[in-house]
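Hello,

Please take a look at the structure below. My notes on it follow.

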Amino acid sequence: MKTIRWGIVGCGDVTEVKSGPGFYKAEHSRLLAVMRRDGARAADFARRHGVPRWHDDADAIIRAPDIDAVYVATTPDTHCDYVLRCAAAGKPVLVEKPMALDAAQCDAMIAACRSAGIPLWVAYYRRALPRFLKVRELVDGGAIGPVRMVVSRQFQPLRDPAQANPGSPPWRVDASLSGGGLFVDMMTHTLDFLDYVFGPIEAAHGFAANRAGAYRAEDTVTAAYRFASGVHGSGAFCYAADRDEEMNEIVGAQGRILFSTTRAVPIRVLRGDSVETIPVDDPPHVHQPLIQSIVDELNGRGACASTGESAARTTRVVDAILRDYRAGSRPRTDAPRSR
């Protein structure tokens, strides 16, 4: 088996625990180089993680002859550019989610990689996590009978004033950098996983608003969608609410499955008056199973479940849900611009 030598473009927060160690802990995988525009931080990451070299220029990773594949872990506004550069260099590429700012960028990324003959994967890592694979197994195995619909929700209060400061919003709620607000950052994981379980969403509609005025991106979203398989779905997402709450409920003819996208809590299967609790722990580095599937694919064994094509479908659904808001979004004036 060939050892796949990786380079990371953008060794920021997500690479510290969730993803970075997976590249040197997966079998037949090695993290050879990391890059960050702040060279001192890149050097510090390399030192702490035992990475042989660091750079402050992405091309030093992308064009390196001893790098087999590249992981792009920068903000979404840069994803398209870096993927196109990887394609031009003939380097297989794994890019963080959301895949890009919109579906048009996703299409350009897919086309470039297809033309270059290289694979493109997206870090929707829940497609490879044991907890989520168990949910899929329960559905496929008929644990709750034929599925009728799925309902998702996420509520969060506004965070500390520094995060709510409209003068310097974090990148996750700066739509020019992320494509939207916390709905885009977090609930794309849910939409992507539901695509994995029920197949593509063929129609989606939504209402979005900025109710709290803490930043310009949407903070409240309601959505309805229909899967090509016939399953119906809906969601309610508010990031200016009174409490933290997040759950998905799959409704079948003979029961329900409840699971969380964001928290490693036990899966619950409800049938009549009975409740079955199924604990499935997440691994220490949640990206590692997905990374392993990519390494295996590059070695001719199996295929990674999260591709550019599957991730682009999720972006198209988000575009449909937020279309009206993006077309006419303005800060509300009926609420103060701080908590």
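**What I found**

The largest pocket holds about 890 Å³ of space. A pocket here is an open set of points on a 1 Å grid over the protein atoms alone, with protein on both sides within 12 Å along at least five of seven lines. Grid points are joined across faces, edges and corners, and a volume is the space filled by probe spheres set on the points.

Before you read on, note that this is a predicted model: local features need pLDDT of at least 70, side-chain atom pairs count only at pLDDT 80 or more, and totals for chains, interfaces and linings use all residues. Residues are numbered from 1 along each chain as its sequence is written, and side-chain values use heavy atoms, with hydrogens and water left out.

Back to the largest pocket. Its lining has 29 residues. Asp13, Val14, Ala73, Trp171 and Arg172 lie nearest the centre. Lining residues have an atom within 4 Å of a point. By class, the lining has 9 nonpolar, 9 polar and 11 charged residues. Nonpolar covers Ala, Val, Leu, Ile, Met, Phe, Trp, Tyr, Cys and Pro; charged covers Asp, Glu, Lys and Arg; the others, Gly among them, are polar. Helices α4 (79-88) and α9 each supply at least two residues of this lining. α9 gives the most, with 3 residues. Helices (H or I, at least four residues) and strands (E, at least two) are DSSP runs, numbered from the N terminus.

α9 (residues 182-198) also meets α6 (residues 130-140). Their axes come within 10 Å and cross at roughly 35 degrees. Axes are lines fitted to C-alpha atoms, for helices over the stretch in contact, and angles run from 0 to 180 degrees between N-to-C directions. Which residues make the contact? From α6 they are Phe132, Leu133, Val135, Arg136 and Val139. From α9 they are Phe193, Tyr196, Val197 and Phe198. Contact means heavy atoms within 4.5 Å. By class, this contact has 8 nonpolar, no polar and 1 charged residues.

The whole structure has 1 cavity of 30 Å³ or more. A cavity is a set of points where a 1.4 Å probe fits but cannot get out. The largest cavity holds about 50 Å³ of space. Its lining includes Pro98, Gly179, Val184 and Arg326. α9 and α11 (308-328) each give two or more residues to this lining. α11 gives the most, with 4 residues. The lining divides into 5 nonpolar, 3 polar and 3 charged residues.

Pro98 has another feature. The peptide bond from Lys97 to Pro98 is cis, with omega near -15 degrees. Pro98 sits in the loop between β5 (93-95) and α5 (103-116).

Most residues other than glycine have a negative phi, and most peptide bonds are trans. His28 is in the loop between α1 (20-25) and β2 (29-35).

Is Leu32 buried or exposed? Leu32 counts as buried because its relative accessibility is 6%. Buried means under 20% relative accessible area, exposed over 50%, partly exposed in between (1.4 Å probe, protein chains only). Leu32 is in strand β2. Not counting residues up to four places away in sequence, Leu32 touches Arg5, Trp6, Val51, Pro52, Arg53, Asp66 and Ile67.

Best wishes
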